[in-house]
Amino acid sequence: MVGTIGLAGCEEDCRGFVRKCSLLSIHLAGSIGGGAALGLMLGWSSGLAMAVEPTSTAVLLVPICAAYALSGLSLARLPQPSTGRQVPISWRRLPPPVLALHYGVPLGAGVFTRIFDGTVYAVLAGVVLTGDAVIGCVTLGAFGFGRGLFVFLAAGFGVRARDDVTPLVQAIAAHRTHARAAAGMALAAAAGFFALVGWTGTFTAPGW
Amino acid sequence: MSSAVTAVVPARLLSRGRASYLFVMAVTGGALMGTITLGIGVSPAMATGAALMFLALAGGVLSNWSP
């Protein structure tokens, strides 16, 4: 949701660089926190039910990554379970720091809004399979960091006045198909990586 | 709150041949990275965790393009 650039940054409140960076930092922190919290809960709860050993995790991730890589590169059609909603529009009336935090947390978690590509499913599957709260926290925290960092950098460097927001958002959104293809390639590379690790790991058996 | 399962049909950016080529190249590149990672002594468990983290990071950045 690239429109977050304006909402989390400075569309409504563009009163200087420090103010903008503070809002973007709050958004970034919320994004990391949202992802990390979800990963912690997911890893912990799946660990109570099961914990697949690392080599098997890598092997099981291969078909998931490969399938969504094909989808990202428009070579296959796959279902993408997702909530069909965005963050509530009423949040736009909140004070800017609260707004930035409210946008950061659900977007950083990734699953409470529309899902763009298959990387989310692969990562969630990886966290569930490992059944480790720390790995879940770090992994989905990294997802939130990536999501918030992009907004931080784009709004931090690309927006100097309120009028800059819409052209920037439109310019970035124009590359949506490129982003999907890039996600497909990242998933394909992950599939190759996990296949190699899984194949090699069958000869050793270390734990997490 | 509504939920939906959508069969996503993305706009075609590349021809099938080029997309297939990129897929194979990316898989090969990933396998090569795996070989190097394990070759320098990283355990399969650590390599899996690290790859998952990098995939999450890339996924987080790219998720910003969701509509």
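Predicted model: local features only at pLDDT ≥ 70, side-chain atom pairs only at ≥ 80, totals over all residues.
Visitor: How much area do chain A and chain B bury between them?

Guide: The size of an interface is often given as the accessible area lost when the parts come together. Here chain A and chain B bury about 5000 Å² between them, and 73% of this lies on carbon and sulfur atoms. Of the area that chain A buries against chain B, 12% is supplied by A:S74, A:L75 and A:F193, more than by any other three residues. The contact draws on 70 residues from chain A and 48 residues from chain B.

Visitor: How many salt bridges and how many residue pairs in polar contact are found between the two chains?

Guide: The count of salt bridges between chain A and chain B is zero, whereas five residue pairs are in polar contact across the interface, with both residues of each pair at pLDDT 80 or more.

Visitor: Which elements of chain A supply at least two residues each to the side that touches chain B?

Guide: They are α3 (54-72), β1 (79-83), α5 (119-130), α6 (133-158), α7 (165-173) and α8 (176-201) of chain A. The largest share of the side of chain A that touches chain B comes from α8(A), with 21 residues. Sorted by class, the side of chain A that touches chain B has 43 nonpolar, 20 polar and seven charged residues.

Visitor: I would like to look at A:S74 again; where is it found, and is it buried or exposed?

Guide: A:S74 sits in the loop between α3 and β1 of chain A, and it counts as buried because its relative accessibility is 12%, under the 20% cut-off. As for its backbone, most residues other than glycine have a negative phi. In A:S74, however, phi is near 60°, a positive value in a residue other than glycine.

Visitor: Why does B:F54 count as exposed?

Guide: B:F54 counts as exposed because its relative accessibility is 55%, and the cut-off for that class is over 50%. B:F54 belongs to helix α2 (residues 44-62) of chain B. Its C-alpha atom is 16 Å from that of B:L32, a residue 22 places away along the chain.

Visitor: Some residues fall between those two classes, so where does A:D164 lie, and which residues does it touch?

Guide: A:D164 is in the loop between α6 and α7 of chain A, and at 28% relative accessibility it counts as partly exposed. Leaving aside residues up to four places away in sequence, A:D164 touches A:G158 and A:V159.

Visitor: How far apart in sequence and in space are A:G16 and A:A161?

Guide: A:G16 and A:A161 are 145 residues apart in sequence, yet their C-alpha atoms are 9.4 Å apart in space. A:G16 is found in the loop between α1 (4-10) and α2 (17-49) of chain A, and its relative accessibility of 39% makes it partly exposed.

Visitor: Finally, where does A:R114 lie, and what separates it from A:V87?

Guide: A:R114 lies in the loop between α4 (96-109) and α5 of chain A, and with a relative accessible area of 33% it is partly exposed. The C-alpha atoms of A:R114 and A:V87 are separated by 9.6 Å, and the two residues are 27 apart along the chain.

Notes
Residues numbered from 1 in each chain as written. Chains lettered and ligands numbered in written order. Heavy atoms only, no water. Contact = heavy atoms within 4.5 Å. Buried area = accessible area lost by both parts, 1.4 Å probe. Salt bridge = Lys/Arg side-chain N within 4 Å of Asp/Glu carboxyl O. Polar contact = N/O pair within 3.5 Å; in protein donor to acceptor, adjacent residues only side chain to side chain. Helix = DSSP H or I, 4+ residues; strand = E, 2+ residues; numbered from the N terminus. Nonpolar A, V, L, I, M, F, W, Y, C, P; charged D, E, K, R; others polar. Buried < 20%, exposed > 50% of the residue type's maximum accessible area, 1.4 Å probe, protein only.
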